[in-house]
Each structure stands twice: as C-alpha cells, then as structure tokens.
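Work through the exercises below with the sequence and the model open beside you. Try each task before you read its solution.

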Amino acid sequence: MTGKKSTRGQVTAVVDTLGYRIAAGHYTEGETLPIEQELADSLEVGRNALREAVKVLSGKGLIRTAPRSGTRVRPREDWNMLDPDVLRWHADPDIATERFMLDLIELRRIVEPKAADLAAVRATREDVADILSAYETMTASDSDRQQRIEADIQFHSAILKASHNEVLTHFRHAIATYLKAHSRLGEQVSPSDDSEDLERHHQIALAIATGKAKSAYSLTVEMLHHNRSHFEQEH
C-alpha cells in the first residue's frame, strides 16, 4: 500500500510541476518535452509515474504523445481551461495575467446572473439556508480575509447549486479561482468598499430567498460590473 501511495503522490507532483511549467510558458505551444528518461530523471520520479502523469495532462488537453514525435505541448486553444487544475495554474500570482483575470470576470458575467435568476425560481429551503449561511459567515469574518474569501466562494457556489442546473454548478471552480487569485494578487479593500460589497451580496440573497428572479439577475449584473471596474482601476 505504501508503494502505491508513493506512486500516486509522485504522479500528482509531476502533473502539478509539468502543468505549472506549461501554463507559465516554460514549455511553449508546439514544443516537444525532453525524452522520457531525461524528464523522469530531472523530476526525480520513475518512468511509470511520469507516464501516468502524461496521461493526466493529455486528458486536460495540455499535451499530446505520438510515436516518433514524443510528447508535445498542444495549442492553447485545446487546453481545458475549465479544468480545476488548469485554472489553478493560470491563477498563480507568478503566472496570472490581467487578460486571464478579465476573462474570468467576463465568464462570471455570462454565467452568474442567469444562475441567480434560476435560483430565485428553483431554490429549495435548504438552498436558501445555504446561501444565507454563507452570507452570514462573510459578515462575521471581520478582518479574517481567508475566512471571508472561503465564505464568498461558498456563497456563489450555493447560488450555482440552487439553480439546479448540473452544468452551471460546475462553473464554481472558475469562480473560486477568480476570488482566490484576486486576493493573492494583492486586492486592497477599504471599509466602505467592503460594506458595499456585503450589502450587494445581502440584496442578492434576499432576492433569491423571496423568489424575485429579475431582481436577482440585475443585482448580480450590478455586482459583477462593479467587480470589473474595481479590478481595472487597480491595474
């Protein structure tokens, strides 16, 4: 069992290392990775662990293997940008670009207003309780920024879940990535901004709880418009 766990740990580490390098551009689109033994030696893992990691990265659309041509980085357009790992690598402070962050905001503006609209129509009592609980945790976090971010993620994830659309629910990874990355990139929040942000979340929660779909939609649009404006002012 110990050996199997060790191998799984090696695979995870290799996936993370190579995925990060590709996302960071250390290996560029179309570039062929070093030959198997050389790459395994440089990563200090066995060839079996490397092969398993290559399979995982292939499944994420980052690389392709072919006889006689080795392992090559696929064009960026083939990468699964909604994969949680791929999102996480791109959101690293040393990698994240303004364009990537704005793309995430744009995705949120496409997805979240409609999710809030649907949640106002479809949410169960349990769904509403989860949304309000996340909001209450946000208000109680005070100066604990990590707790606040986690509660914010839970708030938006709960709304996606309350839409009762399985596809929409999976966008929670992209939203979580944005919120965490924005924090790590050094977002500075004044007390007034913080208070206004909490009130916006509160109004969205109330709109969903009372079944006001149009209000839930428009309030979410307003919140995300403010987020984009805030981000552009900072950068």
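The model is predicted, and local features need pLDDT of at least 70, side-chain atom pairs count only at pLDDT 80 or more, while totals for chains, interfaces and linings use all residues. Residues are numbered from 1 along each chain as its sequence is written, and side-chain values use heavy atoms, with hydrogens and water left out.

**Exercise 1. State how many helices and strands the protein chain has, and in which order they run.**

Step 1: Helices (H or I, at least four residues) and strands (E, at least two) are taken as DSSP runs and numbered from the N terminus. Step 2: On this rule the protein chain has eleven helices and two strands. Step 3: Read from the N terminus on, the order is α-α-α-β-β-α-α-α-α-α-α-α-α.

**Exercise 2. Describe how α6 packs against α7.**

Step 1: Two packed helices are described by the angle between their axes and the distance between the axes. Axes are lines fitted to C-alpha atoms, for helices over the stretch in contact, and angles run from 0 to 180 degrees between N-to-C directions. Step 2: For helix α6 (residues 125-140) and α7, the angle is about 165 degrees and the axes are 8 Å apart. Step 3: Angles under 35 degrees count as roughly parallel, over 145 as roughly antiparallel, 65 to 115 as roughly perpendicular and the rest as oblique; α6 and α7 are therefore roughly antiparallel to each other. Step 4: In contact, which means heavy atoms within 4.5 Å, are residues including Ile131 and Tyr135 of α6 and Phe155 and Ile159 of α7.

**Exercise 3. Describe how α7 packs against α9, and name some of the residues that make the contact.**

Step 1: The angle between α7 and helix α9 (residues 172-184) is about 160 degrees, with the axes 10 Å apart. Step 2: α7 and α9 are therefore roughly antiparallel to each other. Step 3: Among the residues that make the contact are Ile153, His156 and Leu160 of α7 and Ile175 and Leu179 of α9.

**Exercise 4. Find which residues line the second largest cavity, and which helix gives the largest share.**

Step 1: On a 1 Å grid over the protein atoms alone, a cavity is a set of points where a 1.4 Å probe fits but cannot get out, whereas a pocket is an open set with protein on both sides within 12 Å along at least five of seven lines; lining residues have an atom within 4 Å of a point. Step 3: The lining of the second largest cavity includes Glu112, Phe155, His156, Ile159, Leu160 and Ile175, and α7 gives the largest share, four residues.
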